[in-house]
Protein chains: 2
Amino acid sequence: MTSTPAAAAASWLPDEEVSGAHRALREWVSGHRDLAAAMRLLGWDQQTKLPPKGQPGRARTMGAFRSILHERATSPELERLIAAVEDVDPDGPEARVTRRAFDQASKFPVEHVRARVEAASAGYVAWEQARTADDFATFQPHLERLLDLSRRDADYLGYEAEPYDALHDLYEEGSRAADIEPMFESLREPINRLLDLQPEPDTAVLERSWHVAGQERFGREVVARMGFDFAAGRLDETVHPFCAGVGAFDTRLTTRYDEHWLPCSLFGTIHEAGHGIYDQSFDRLGLPATLADAPGLGMHESQSRGFENVIGRSRPFWEHWFPRLCEVFPDATAGVDLDAFVRQVNTARRSFIRVEADELSYNLHLAVRFELERALVNGDLAVRDLPEAWNAGFEKWFGMHPPSDREGVLQDVHWSGGSLGYFPTYTLGNVYAAQFTEVARRDVPQWDELLRSGSYEPILAWFDEHVYRHGQAFTGRQLVERITGGPVDVGPLLRYLDDRFGRQP
Amino acid sequence: MTSTPAAAAASWLPDEEVSGAHRALREWVSGHRDLAAAMRLLGWDQQTKLPPKGQPGRARTMGAFRSILHERATSPELERLIAAVEDVDPDGPEARVTRRAFDQASKFPVEHVRARVEAASAGYVAWEQARTADDFATFQPHLERLLDLSRRDADYLGYEAEPYDALHDLYEEGSRAADIEPMFESLREPINRLLDLQPEPDTAVLERSWHVAGQERFGREVVARMGFDFAAGRLDETVHPFCAGVGAFDTRLTTRYDEHWLPCSLFGTIHEAGHGIYDQSFDRLGLPATLADAPGLGMHESQSRGFENVIGRSRPFWEHWFPRLCEVFPDATAGVDLDAFVRQVNTARRSFIRVEADELSYNLHLAVRFELERALVNGDLAVRDLPEAWNAGFEKWFGMHPPSDREGVLQDVHWSGGSLGYFPTYTLGNVYAAQFTEVARRDVPQWDELLRSGSYEPILAWFDEHVYRHGQAFTGRQLVERITGGPVDVGPLLRYLDDRFGRQP
């Protein structure tokens, strides 16, 4: 079941078989992760449970706590532990990963880190209000502050070609804007051509009345069967869905329910569960704390988008689940057959909102954002000009003009939290997912049959073997090379999209 | 509207009118409280949201975080700030409160503090499982560990008469077992006499089907009207209801729903809202961080039990709310009149479960626990003998034998979290509430009329003036003296119980 002999090699050894230096470093990182769990809980709670008047206090708490974590993550004690591992195993993944994190953290003064957390906390609140009121002006000073801090991040971190690379590298090690730009360019024409081919959209079934309690029940059932462990996780409601790895055996999905738009929670929950299954694998497989994480966000998105789209919108998948959907929603599914349902959940069209977009046009949404945030970070665009630039970018990639800032520049949470350089990782995730799926379908030839019977264990086993068990021992690009034997390549994604969207009548 | 001239005196001054030393201390305590909010969130989340497999990791997180807080709470920096305030205002409340907290914390080695948190976390999990399985043996080693740590607490803290006093003083400053014992003794005969007078219990209406969604809606409506601010708080479900002051403007109630026992959530929610209204008052009234807390748990219970029982089970209160209850629950209230409903929610009888007990027999439940925990802490009772001692104590105070440990020694959460010395504060709360109510009804003669119209502002204003605005500037006993002009006295509670339960036919 392995694709290359190299993929079978262990990327780490258990505690009993490593040096005392490794054990000491693992123990320190493990303790640090336990402490950092409090920070991640504060963030999860802020977005799901915190009462409105509690926001300013929460921002102070998170700022103060981030300072404490930063102090520890840059402590001489940690550096000594890393150096000891470097002495015995300089080329091992544990030395590489911890050294990179230590060096990155050490470049930021603690006041800067604290300021960033506080600005992100305040920015999130301001963004929520601005989005509700469709009023960019109230968000503008927050985004200016966040951009200023991000540009200082880039200066602290250093870069070769452009400031944007410093930030993007935080999310996807070794990836550069100069690689991303042609990737989007090579998607532009084929995707627009496929979009032009699509029939008149009909999503009437998905807009029927789907009672929220049923959506929640069905969503939980699906993702539990796919492999998300609810004894080590949760599902809650929020405005902007996310998955939070809070602590050991504690991974939390969030979703959003819309009674008259089934895909919102259905595919949103599966998407976050893809992240969650990945995140839960590190505890489940007993990875050392030093490696117990994904190598980057692109790899994380390969799982979420893989579960959501490659698997979750495929016909074989719905051959299993559609009868159960009809049981939970007898009224909403009345008179609908499997083919019609699968066609509707694969409806593709140009639209304004990224999080509701189909998987075909989705990449164009990211292209718009990549160009804008690259320009912002590199100093080629001012925040005050952003709404106009957004609309111009949208015209360029979609040929459409957003009707409002709420359906334009204000729709996404990311920048409000100071996350610039993040967006291209979604498309990298699509690229990785398509590359992995080509190999996995060769290794697991009964793939479609498994989906038809609702059995995901052999598929998960493939990901355990080739992806999950390595944690962050390899970068995303290295994992792609190990698995496919070649570099990051947009070809499989184009073939996959062509296969799914090119056959429409 | 003030009962004594002294009560009108300010117990603290705003930032602009105090010394620089005061301002510096306030700022430090404020920062510390922001950080401690993370710890309180970890606790709230553990009891309401944490997935089961996440418990061990959470215990490690809380242990690590408690160490950090402890280190700060005992830092030389803090001591210098306190000493500076003592120099300019040695008899002021801010010096007294912060010095007491500093001295107490400084008596504990940090490893002890961490061990206590970890034992409490593990103890809570073990207790939940033991209670479900009705199996004291699996909880016993945890309780032995927690008792051992508590007895060491007492040694670290020091005491005059007996070890129990050291622990009880943590919850109620200046209160001693030697005062508590006669308090319970003087309640024993009158309460048992009143219980003997009660008619055959009839709670058939309360056991009808009360849909949970309606219970939640009605409960939220009631406590919001009573003064709980949902923009600065929440209400969630849990196994053992509590109120958590998480952070600034963030106070969280929890409750439990039982479709066939309305009082469980109804009075449970009002009870926790009593705590919550008190807790929210400190932010609302802008108290300095040094004083922004209740002086002890007895005072806190005076509010929760006052709102739940003195107000929430009174006839005038239900003259306002019963029609609304009938709207929300037309089926469950069919054929029921106000008198019957008020009679049923004031049903008193001997029973096994404290949290479901009526306010009359409630004090006997505490008497049982007080005697047992006093014996445990003073070394007169071993944990292995506790179930038998529980049953003997129950025989002594109630003349009944619990049918199982689940309905006996395993029913309460407190000891599982290492809280010994806590239980008598519930009865102190009843005593304080009755004393305050006698004065407040004189000061606010339209009391019943206000309840009949669902207007609680003048009552809250009385508590603002006499209790809330002082924070912890005075101890519970000092507040009682300021408000009533006399000492803690069981007389008003006996008169109140006699009035409410002595008139039954």
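Let me begin with helix α16 of chain B, residues 424-443, which has 20 residues and reaches 29 Å from its first C-alpha to its last, close to the 28 Å expected at 1.5 Å a residue. Helices here are DSSP runs of H or I with at least four residues, numbered from the N terminus, and the expected span is 1.5 Å times one less than the number of residues. Of the 20 residues in α16(B), 17 are buried, and the helix is therefore mostly covered. Buried means under 20% relative accessible area, exposed means over 50%, and partly exposed is in between, with a 1.4 Å probe and protein chains only.

A word on the source: this is a predicted model, in which local features need pLDDT of at least 70 and side-chain atom pairs count only at pLDDT 80 or more, while totals for chains, interfaces and linings use all residues. Residues are numbered from 1 along each chain as its sequence is written, chains are lettered from A and ligands numbered from 1 in the order in which they are written, and side-chain values use heavy atoms, with hydrogens and water left out.

Which residues touch the most other members of the largest nonpolar core? In this core of 127 residues they are Trp318(B) and Phe341(B), where a nonpolar core is a set of buried Ala, Val, Leu, Ile, Met, Phe, Trp, Tyr and Cys residues joined through side-chain atoms within 4.5 Å. Helix α14 of chain B, residues 362-377, gives the largest share of this core, ten residues. Apart from it lies another core, of 125 residues, among them Tyr164(A) and Val467(A). Leaving aside residues up to four places away in sequence, the contacts of Trp318(B) include Phe218(B), Leu266(B) and Phe341(B), contact being heavy atoms within 4.5 Å.

Now to charges. Side chains of opposite charge can pair when their charged atoms come close. A salt bridge is a side-chain nitrogen of Lys or Arg within 4 Å of a carboxyl oxygen of Asp or Glu, and by this rule the count over all chains is 88. One of them joins Glu319(A) and Arg452(A), with the closest N and O atoms 3.1 Å apart. Because Glu319(A) lies in helix α12 of chain A and Arg452(A) in helix α17 of chain A, this pair ties together parts that are 133 residues apart in sequence. In chain B, Arg452(B) forms a salt bridge with Glu449(B), again with 3.1 Å between the closest N and O atoms, and these two are three residues apart in helix α17, so about one helical turn separates them. Both are partly exposed, Arg452(B) at 32% relative accessibility and Glu449(B) at 46%.

How are the two chains related? Chain B can be laid on chain A with an RMSD of 0.0 Å by a turn of 180° and a shift of 0.0 Å along the axis, which is the relation of a two-fold axis. The superposition is by least squares on the C-alpha atoms of residues with pLDDT of at least 70 in both copies. Within chain B, Ala38(B) comes closest to the rotation axis, at 3.3 Å for its C-alpha.

For Cys264(A), the nearest cysteine sulfur, that of Cys243(A), is 17 Å away.

Methods: Disulfide = S-S within 2.5 Å.
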